[in-house]
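Q: Hi, I'm new to this one. Could you walk me through it?

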Amino acid sequence: MKKYIIIVATLFTAGISSCKKDYLSQEVNPNAPSVTTPQLTLAAALNTSANIVASDYQGQGVWAGYFTTSGNYVPNTVLNQFNLTTADLNGDWGSWYGNLTNYNLLQNIAAKDPSLANFQAIAIIMKAYGFQHLVDEYNDVPYSQAFQSATNLFPAYDKGQAIYEDLGKQLDNAIKIIQSATGAVSPGSSDIVFGGNMTGWLKFANSLKLRLAIRISSKFPSDALVTDLASTESIGYLDGNLDAEANPGYSDVSGKQNFFYSGFGVDANNNPGGNEVYYRAPAFEVNTLQSYNDPRVFSLFAPVSSDWPAVVIRGNTFGDPLAKANPLTSSIGPGLAQSSSQNSVLFSGAESLFLQAEAVVQGYLPSGSAGLSTGNTANGAVAGTAQALYEGGVVASFIASQAGGTYAPVPDDGTGNPATATQTPTTPNFVWTPPTAATSAALAQTYLQQAVPNVGWAASVPLTAIYTQKWIALTGLFPFEAWNEQRRTGIPAIPTSVDPNKVNPIPPYRVLYPTSELTTNATNLGKEGTINVFSSKIFWAK
Amino acid sequence: MKKLLLVSLCFLVLCVTQVFAQNRTVTGTVTAKDDGQPFPGATVKVKGTNSGTQSNTDGKFTIAVPPGGSIVITAVGYVSQTIVVGNQTNLKIALELSATALTEVQVTTALGIKHNSKELAYAASTVTPKDLTQTNVTNLANGLTGKVAGLGVFSLDNGIDPSISINLRGFRSLEGNNGALIVLDGVPVPSQTISAINPNDVADVTVLKGAGAAALYGSQASNGAILITTKRGSADGKPVVTYGNSFQFQKVAFYPKLQNGFGQYGGEPNYIDPLTGFTEQVPYENQLYGPPFDGSIVQEGAPLDSANGKVIHAVYSALPTNPIESFFNTGYTEQNDISYSQGKSAENSFFISAQNVTSTGVVPNDKNLKDAFSVRGHTTYGIFSMDYSVGYTKTNVSTYINNGKNTLGLGGGFTNADLYTTVLQWPANLNIKNYSDPSSDIGNPSNFYDAYAINPYWTVDNARDNYERDQILSQLKLKLDPTKWISASYQLSNNFGIYQDRETKQEVDFTAYGISDYFHAGNVPSGFTSGKSLGQVYDYYAFGDGTSNGYNRIEGEGIVDFHHNFIKDLRTELILGNDVYQQYRKNQTTGSSQLLIPNLYNINYIGGLISGSEASYTIRQIAYFADVQIGWKGWLNLEGSFRNEHDSRLSAAERSFSYPSAKLSFIPTDAIPALKNNNILSFMKLYGSISQVGNINVGPYNIYNTYSLAGGFPYGSLGGLTANTGAVSPTLKPELTKEIEFGAEISFFHDRLYFNYSHYSQHDKNQTVSVGTSIATGYSSQLINVGETLSYGNELTVKGDILTQQANKFGFSLEVDLSNNEGRLLSLIPGTNSLSLGNNEYAVVGLPFPYLEGTDFQRDPQGRVVVSATSGYPLQDATGIHGFGRTTPEYIASVKPTLSYKFVSLSALFEYRGGYVVYNALGSTMVFAGSSALTAEAGRQRFIYPNSVIETAPGVYTPNTSISVVNGQYGFWQGSNFSQTQSPFVTSGAFWKLRELALNFNLNKFVKESKFIKGASITFTGRNLFIWTPKSNIWTDPEFSNAGPNGTTPGVNDTNQLPGTRVYGADLKLTF
């Protein structure tokens, strides 16, 4: 009997063991892919970059003079009193590194296959774009040892200036790759910025080089980045005819709206987005625009609902602990939050024109040379001169921000509710009719003819006017770029917070490294020494 | 093969014939010698066999005995008797109290093997059904609370369907599961399935505390195991019907201390009297920093609508009942249980039970309905036997949707406002009951008085989470006992269920007047300029174990047990086994936030796109195990076990791993003649064990990096993938726990005083940890095997029969359970010494884990708070994170006195937990709201921050005796760093609770004359009647925490945890 039982048991066990190999093989994940394609990675990474620019820098936008915090809420001590901790305003650290990881993977995959040269070049350009944001925010960051998770869990920090200089070389490299990529696959629709038009990428790369050079030039005017500008000048730059704008196919469906619009406009159910309620117009910018007779004040900001149907634009004072409630202030206007399918701008033509204008004024690029944009010649300026480029920037900004649009009351549906979908959610509702580009351009020309400093070229100190108009042109959509320029130039002089409990007279020069670095990379971070947000400046700041 | 079958068959037939030919039936009555009363539940066995039965409620039994055979009658706490049957047909047995009452118990151990507790070489505690259900718990886990030293029951909350996890001997895995394995009738079941088991069906529960005791279950039982054995049928041929009914009330009892002196104000500049600078009451505020109550008449909310302008007024003074007591209902629970059992003997028996539990919660509209049916039995046919059980449980729960309960991603719109938060910030002068109809003119969303909150009654009426669990637990065990020394069994089990969850939110149509925002306050309706918040529906279906994310489990387990004593006095047993299981689950969601038709919650009628998802997971494991036991004369016992596992979650190279264990026990009172029959020292056992077990903390498919759909994608036909930020690796291995355990069991004075002590130490290596890495590496975390932890502790049980109950006299017994658990993280990857576990909790090298850390004020070297020399407000320490303490109890103690007199008994259970801290995030909410009593402690006057200093020069601190806070109202409590700093809300988590109180009347003797009713009892019960906490804890019951049931981060509560409740009621049990 014993024998039989042992035999039965053995047979039984053996039966199970024999199928063990297949039975236990569970390595294919039915829930998520472990491979990707260059197209899938590129489309996602570009959209993520655009979202970061649109959504990670509202706090910095308060310091750049673009937003004030709503009186509906308990005052925000970080934004108004500057008591920053390692958990504040540094979400972009993780967003960018996560995003750049995808470009890095794409670059590595594409480098192995010559037919993917265009993908490789775009990945390099976008890495430069992202790393510039990181350096501008944190100065020294991991760069040369980044993205080495398999071999190095503790990447050392590189100097901000060294990173800047290498980014210039990387951009040159990307330009060469594109120029020599014959017969390479076009990224096509997966390139949600230029739709596979590699000339666009060349100009984007070249404009990025210009942005790096201008940023560094204030302190290091003879840095190689600056002196080398002429070498790629002939490629040309972004301008009013070519912005770097991403659009994967935004639509008025929950989760698929343009990111800026879903925050500052309305959600898919036509109710106000969170940023619209929280960030209100700033009194300083509203007053500045009004003093310049600038029609953009009516498109950049929405009318105050409690004054409606009178169109009144009113902002809060920066840091006012008794800030007015939302019905008494303006929200971001319909010229910025235009529609759920609007493009996400990575680099605006207006900004590129102002950068070119500065390069000409500073003598980094020769006035009127071939690679420069034409700019605005309607007022008699010669193409490619500082004035034409400056005025071109203003015109581009007027068109982009829909200066000259009109407001009208919304018809009632008879039950007290609006009869039609509305453009912005401020109560009571109104219908916004955007202008044609020609209308905006004409308004710009009139505007530029004013003999007002920082408006009309003849009446202005060139650099001051360029900086001021660039600040206006970057309103809302580019709070980070504006904050960078504010820290570089100090123009315009934005009044500081009036919060009596502020811990420093002026806003921080930078933010702190995030808590995650403190806990995961402490040794390397420690080598950066103590960071004081009021005195530890980014390397390019004077 | 054919021949083999034939031979087996012949053999069977022979055996069976033999059995049937020779047995004869005897009946008998068992009584207790001390009081002469019938003795139910005594085990009657034929000597030398496993065949046996139990005495019924009249003490009677029937058993088949071979000629010349003897029967053995045993009962816990009584001396065993062996009776040679001879020609007798009606036996009378009187049992005598045993000298070793507490130490000779049959204990169910791993794989369902019954052992005499004397032989065990590890800590195993048994909880009897009486102890388990003495206060009519509806969840078995609650019944275990405080009953076993070293066992901790953690409640996620005390809502209508609380999640509970059971932990043994503290935490050892940093990020993996620390929950005990639940084994039902020999089958491992998912931990949350414990709520599906009818507590009244349980015959006994054995708690195997250590990894060693449970080593045969392998990796699943690295955290110990709870073995639940359910009832089988009666054994005396007569049908027994029991019926039980209990009714219990639940009332909110322990809630945060509230201020009742001040009304609404929240920093509005236009509500400051320009002449006096005093604040005025703000009719629409959700913060309570207004002027003191003065009995005047004030306005509440905006005029009702623009047409009639009706204004709501309230007296500006506190109502007698606070909003918390007014809002929460008295919940009730009614349980009806019925069971039927019949059988000729324990070998051939049958049991059916049915249970219905209906509960309503303290939150209006909360309901929980549970129906459970089970059929079980045991059939023996010669050398074959079959044991089976099938249980079906259906649970329907309906509850409100809250921030933390909104599990399916119902989002946006109107709204995720927190129900309890709104109640917590309700002004003391406003009657919350007036708003109980959310469609009334003052209760509706457009007119609600509070500009920034949702009427909580709207939430309970219109934002609902309805879910349903259908759970089937089934098991079939076939056994063959061909000879005395060998048995073989095969057990098949399938536990599965379906979970269906639907969350809905009703459409709200706002009036134009509401949207127009009368006060220009930025009120809730003004966020809905479209005029509507559309209805929402989200559905979740899961096939698995019937809970939201549990696994279906199919398992086959074959065991061959050889037990033959080759040499006299040397007991030897060898068990060989094979175990194969598959776990599977699949879940899908569909939802929309844009329902077209109000009240039609159907995914077909929506605007926009359906949001949906699916996932499925399979886990497979094959294991082989062996267990050898050697005993010498009963006083020296050695057990060795070995298990080898192959698991599909790991890559082929890492898949196979083994667990050895060795255990030794020695009984000096039996071994040493001088100690035998000693009147003082009745029993002594010393034991020790060493074991190693693994714990697979790698999820299925979690060894290769994956990509996921990037946010927003697909846009039309354009897809986009992004790399996941958590990196994994195919080289992952199981965690390894090495456990050393030793202990002693000693009893004195004929067992009237009993001690059981054990010490354990667990050393865990290769922890599977998601280590945070700089995202600059490309990934924000890496799942790797790293980190060592140490966990050790002591458990002591003392039982004393202080007064032994003789007939009609007082009896008093006392049991005390004490345990402590110490642990710490020994090492992590070089370069980091802290691992974030989430929920503000960390594992830090050298400290116990999880360890609460958070923000604190600046402090001088003496720990005094540094305040600003100008404002008097405390300064926040911006530089770092401050450690507060461990979040799991270091000490757990329970005290169980039982007093009895005649037919009445009173028993109580007090439980203490201490040595840990709790972060009351709820406190921060209440300071924001201005409703906490803390905010009124200084009467809203300026005050000097207690024990504070001023930094007069760098590093020079002077005690602050003169700088009071510039504003003692809104300014300090809201405008300073106070409410945004965590340290003010961290308190000791210590508490004493009167867990259970039961007053039982055993009416058996009064119904004895009735032929119909055989037994009756009435019990008055109470659970969690009182709680005592340190004075510093003005917040809430520290027991509840917001981390998931198997999460490693308890110790943080917020407004998702409802206030503590007490439960009391009565039950009636009848036996027919």
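A: Happy to! Two strands count as paired if DSSP finds at least two bridges between them. Helices (H or I, at least four residues) and strands (E, at least two) are DSSP runs, numbered from the N terminus. This is a predicted model, where local features need pLDDT of at least 70, side-chain atom pairs count only at pLDDT 80 or more, and totals for chains, interfaces and linings use all residues. Residues are numbered from 1 along each chain as its sequence is written, chains are lettered from A and ligands numbered from 1 in the order in which they are written, and side-chain values use heavy atoms, with hydrogens and water left out.

Q: Thanks! In what order do the three strands of the open sheet in chain B run?
A: The order is β4-β1-β7, with mixed pairing. At the edges are β4 (60-65) and β7 (90-95) of chain B, each pairing on one side only. The twist from one strand to the next averages 30 degrees.

Q: And in what sense do β1 and β7 of chain B pair, parallel or antiparallel?
A: Strand β1 (residues 24-32) of chain B and β7(B) are parallel, over six bridges. B:T31 stands opposite B:A94 in β7(B).

Q: What about the sheet of five strands in chain B, what is its order?
A: That open sheet runs β10-β15-β16-β13-β14, again with mixed pairing. β10 (124-127) and β14 (187-189) of chain B each have a single partner strand, so one side of each has no neighbour in the sheet. Inside it, β15 (residues 202-208) and β16 (residues 225-230) of chain B pair in the antiparallel sense over six bridges. B:V202 has B:T230 in β16(B) as its bridge partner.

Q: How many helices and strands are in chain B?
A: Chain B has 11 helices and 58 strands. Its C-alpha trace spans about 110 × 70 × 65 Å along the principal axes.

Q: Switching to chain A: at what angle do α3 and α6 cross?
A: The axes of α3 (residues 38-55) and α6 (residues 91-111) of chain A cross at roughly 155 degrees and come within 9 Å. Those axes are lines fitted to C-alpha atoms, for helices over the stretch in contact, and angles run from 0 to 180 degrees between N-to-C directions. That crossing makes α3(A) roughly antiparallel to α6(A) (angles under 35 degrees count as roughly parallel, over 145 as roughly antiparallel, 65 to 115 as roughly perpendicular and the rest as oblique).

Q: Which residues of α3(A) and α6(A) meet there?
A: Among them are A:L42, A:A45 and A:I52 in α3(A), and A:W96, A:Y103 and A:L106 in α6(A); contact means heavy atoms within 4.5 Å.

Q: At what angle do α19 and α20 of chain A pack?
A: About 160 degrees, with the axes of α19 (residues 462-473) and α20 (residues 479-489) of chain A 10 Å apart. That makes α19(A) roughly antiparallel to α20(A). A:Y467, A:K470 and A:W471 in α19(A) meet A:A482, A:E485, A:R488 and A:T489 in α20(A).

Q: Where is the cis bond to A:P309?
A: It joins A:W308 and A:P309, with omega about 10 degrees. A:P309 sits in the loop between α15 (297-300) and β6 (344-347) of chain A. The bond from A:I491 to A:P492 is also cis, with omega near -5 degrees.

Q: Last one: what is the phi of B:D569?
A: B:D569 has a positive phi of about 70 degrees, although it is not a glycine. Most residues other than glycine have a negative phi. B:D569 is in the loop between β29 (552-563) and β30 (570-592) of chain B.
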